[in-house]
Amino acid sequence: DSEGLLRIKEENQKHYRRAQRHQEKKEKIQRHNRKLGDLVEKKTYDLKTQYEHLANLRRSHILELTSVIFPMEEVKTSMRDPADMSSESDNAMTSSTVSKLAEARRTTYLSGRWVCDDHNGDTSISITGPWIILPNNGDYSAYYSWVEEKKTTQGPDMEHNNPAHTISAALCYATQLVNTLSLILDVNLPKKLCNRQFCGENLSRHRFTRAVKKLNANILHLCFSQHVNLDLLHPLHTLRNLMYLVSPDTENLGR
């Protein structure tokens with residue numbers, strides 16, 4: 001029994017010395033983990049600072065791009081609401097007629113159906129200059145009509161103020177701006193669209209509509225990536241959505 005007790009004591013001492021070594025290793029690992037944690041925290045702070053600096057650079061580049069090369073602004077049209085003209089109309093025009101005219105004014109025949117749009121005909125959005133504008137409500141039917149006329153009319157187009165020309169130019173500039181913004185923001189666009197898509201040959205209605213849908217999808221994707229307020233966006237408002245995206249009031253622009 002004495003010999004057995006002695007063996008047990010020796011084994012216990014071995015376990016105790018091993019436990020001490022393990023405790024030292026544990027403390028060493030804990031010190032190493034704390035050191036790595038401090039380093040990771042410092043690196044995270046540095047990375048966050050670099051992200052903020054990069055976002056500010058992107059933001060400054062975008063604001064410079066949209067103020068010098070691709071300026072956009074809202075162009076008001078000189079249209080008056082029928083309700084405001086009721087006092088100036090003759091006695092034959094009743095209040096119901098005025099209300100019906102106001103309702104008709106807020107309705108647009110777009111792509112074969114009537115849609116309600118509060119901005120119908122009131123405003124347009126210009127890009128690169130006041131003469132290159134897009135309808136605010138997304139009604140590009142003037143381009144379809146012009147293409148149909150070109151099919152039946154021979155000779156050069158002498159109408160320089162044709163709205164189809166401004167629609168084509170505005171969509172071309174918008175496409176170029178969107179592709180440039182995707183490079184600056186480092187955001188991959190969901191739809192591939194060339195800058196020259198709306199230039200050159202006359203697009204059929206199907207190809208034109210398909211290209212416009214691609215452009216609107218890319219713009220919305222950029223707006224989502226920069227956390228633009230969703231209540232401000234509309235799927236058909238091409239340039240207005242772009243204005244909200246590059247606005248100085250967009251807090252997350254450049255993220």
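Before anything else, the model is predicted.

I will start with the sheet. Three strands make up an open sheet in the order E1-E4-E5, and the pairing is antiparallel. The edge positions belong to strand E1, residues 72–76, and strand E5, residues 133–135; each has a single partner strand, so one side of each lacks a neighbour in the sheet. From one strand to the next the twist averages 30°.

Now the two pairings. E1 and E4 run antiparallel and are joined by five bridges. Within that pairing, Val75 has Ser124 in E4 as its bridge partner.

Are the residues of E4 buried or exposed? Five of the five are buried, so the strand is largely enclosed by the rest of the structure. Thr123, Ile125 and Ile127 point one way from E4, while Ser124 and Ser126 point the other way. The cut-off behind the word buried is a relative accessible area under 20%.

E4 and E5 form a hairpin with five residues between the strands, and in this hairpin Thr128 takes a positive phi near 65°. In general, most residues other than glycine have a negative phi. There are two further cases to list. Asp186 is not a glycine, yet has a positive phi of about 60°. Asp186 sits in the loop between H4 and H5, and is exposed at a relative accessible area of 60%. His227, also not a glycine, has a positive phi of about 60°. His227 belongs to the loop between H5 and H6, and is partly exposed, with a relative accessible area of 47%.

Next, charged pairs. How many salt bridges are there? The count comes to two. As a general point, side chains of opposite charge can pair when their charged atoms come close.

Asp46 and Lys42 are four residues apart in helix H1, so about one helical turn separates them. Asp46 is partly exposed, with a relative accessible area of 30%, and Lys42 is exposed, at 51%.

The other joins the side chains of Arg240 and Glu74, at 3.1 Å from N to O. Arg240 lies in helix H6, residues 238–245, and Glu74 in strand E1, so this pair ties together parts that are 166 residues apart in sequence. Arg240 is buried, with a relative accessible area of 10%. Glu74 counts as partly exposed, at 35%.

Back to helix H1, which covers residues 2–69 and includes Leu47. Leu47, Tyr51 and Leu54 form a nonpolar patch on the surface. Together these residues have about 300 Å² of accessible area. Leu47 itself is partly exposed, with a relative accessible area of 45%.

Thr250 is in the segment after H6. Thr250 counts as buried, because its relative accessibility is 9% and the cut-off for buried is under 20%. Which residues does Thr250 contact, leaving aside its neighbours within four places in sequence? They are Arg59, Gln226, Val228, Tyr244 and Leu245.

Arg207 is located in helix H5, residues 205–225. Arg207 is partly exposed, with a relative accessible area of 39%. Arg207 and Gln197 are ten residues apart in sequence, and their C-alpha atoms are 9.7 Å apart in space.

Conventions. Residues are numbered from 1 along each chain as its sequence is written. This is a predicted model: local features need pLDDT of at least 70, side-chain atom pairs count only at pLDDT 80 or more; totals for chains, interfaces and linings use all residues. Side-chain values use heavy atoms; hydrogens and water are left out. Patches are made of residues with over 30% relative accessible area and no salt bridge: like charges are joined within 9 Å, nonpolar side chains (Val, Leu, Ile, Met, Phe, Trp, Tyr) within 5 Å. Accessible areas come from the Shrake-Rupley method with a 1.4 Å probe; for residues, only the protein chains shown count as cover. A salt bridge is a side-chain nitrogen of Lys or Arg within 4 Å of a carboxyl oxygen of Asp or Glu. Helices (H or I, at least four residues) and strands (E, at least two) are DSSP runs, numbered from the N terminus. Buried means under 20% relative accessible area, exposed over 50%, partly exposed in between (1.4 Å probe, protein chains only). Two strands pair if DSSP finds at least two bridges between them. Axes are lines fitted to C-alpha atoms, for helices over the stretch in contact, and angles run from 0 to 180 degrees between N-to-C directions. Contact means heavy atoms within 4.5 Å.
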